[in-house]
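Please read the following with the sequence and the model open side by side.

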Amino acid sequence: LQQLTKAAQHAASDLLRPIQQAAINLAGRSRNPAVLTGEVMDEDELLKRFAESANIALEYSIRAIAACVAYIFDDYDRASMHSRKIQDIADKSPGLYIINVQAFYDGMS
């Protein structure tokens, strides 16, 4: 992430932040592991920034990862909330791999 940020590759680093934070949460190094807030990002702040920029691909990515992490840590309401908020994006792009993963966790929550 540091290298991408230094190279002004903000979209790429923003796409990787939720993945890195999810790994940190899964490793048990987060205050609330069901929420993607901690060492490398703040879930609410990043979602707000994505909404302001109308970047639906990044919003979809963070919400799908957040739904998976919330499900893993038994926060089914949070997982369902994230899944519902990105359902319209999933309907428009059914061929993306992450949509199938998100659909699995949506069905489980």
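The axes of α4 and α5 come within 7 Å and cross at roughly 160 degrees; axes here are lines fitted to C-alpha atoms, for helices over the stretch in contact, and angles run from 0 to 180 degrees between N-to-C directions. That angle makes α4 roughly antiparallel to α5, since angles under 35 degrees count as roughly parallel, over 145 as roughly antiparallel, 65 to 115 as roughly perpendicular and the rest as oblique. α4 passes α5 in a left-handed crossing (left-handed if the near helix is turned anticlockwise from the far one by less than a right angle, right-handed if clockwise).

This is a predicted model, in which local features need pLDDT of at least 70, side-chain atom pairs count only at pLDDT 80 or more, and totals for chains, interfaces and linings use all residues. Residues are numbered from 1 along each chain as its sequence is written, and side-chain values use heavy atoms, with hydrogens and water left out.

The chain holds seven helices and zero strands, where helices (H or I, at least four residues) and strands (E, at least two) are DSSP runs numbered from the N terminus. Along the sequence the pattern reads α-α-α-α-α-α-α. Of the 109 residues in the chain, 39% are buried; buried means under 20% relative accessible area, exposed over 50%, and partly exposed in between, with a 1.4 Å probe and protein chains only.

How far can the model be trusted along the chain? The mean pLDDT is 81, and 72% of the residues reach 70 or more; pLDDT is the predictor's confidence in each residue, from 0 to 100. Confidence is lowest in helix α1 (residues 2-6), at a mean of 53, and highest in helix α5 (residues 76-85), at 91.

Helix α4 covers residues 56-72, 17 residues in total, and reaches 24 Å from its first C-alpha to its last, close to the 24 Å expected at 1.5 Å a residue. The expected span is 1.5 Å times one less than the number of residues. Because 14 of its 17 residues are buried, α4 is largely enclosed by the rest of the structure. Helix α3 (residues 43-53) is another partner: the axes of α3 and α4 come within 9 Å and cross at roughly 155 degrees. α3 and α4 are therefore roughly antiparallel to each other, and α3 passes α4 in a left-handed crossing.

What follows α4? D74 does, with a positive phi near 65 degrees, although D74 is not a glycine. D74 is found in the loop between α4 and α5 and is exposed, with a relative accessible area of 54%.

D77 has its place in helix α5 and is also exposed, at 68% relative accessible area. The C-alpha atoms of D77 and A67 are separated by 9.4 Å, with the two residues ten apart along the chain.

A pair of aromatic rings is described by the distance of the centres and the angle of the planes. Rings of Phe, Tyr and Trp (its six-membered ring) pair if their centres lie within 6.5 Å; planes under 30 degrees apart count as stacked, over 60 as edge-to-face and the rest as tilted. The count by this rule is one aromatic pair. Y71 and Y76 form that pair, which is tilted, at 5.3 Å centre to centre and 55 degrees between the planes. Y71 counts as buried at 18% relative accessibility, whereas Y76 counts as partly exposed at 38%.
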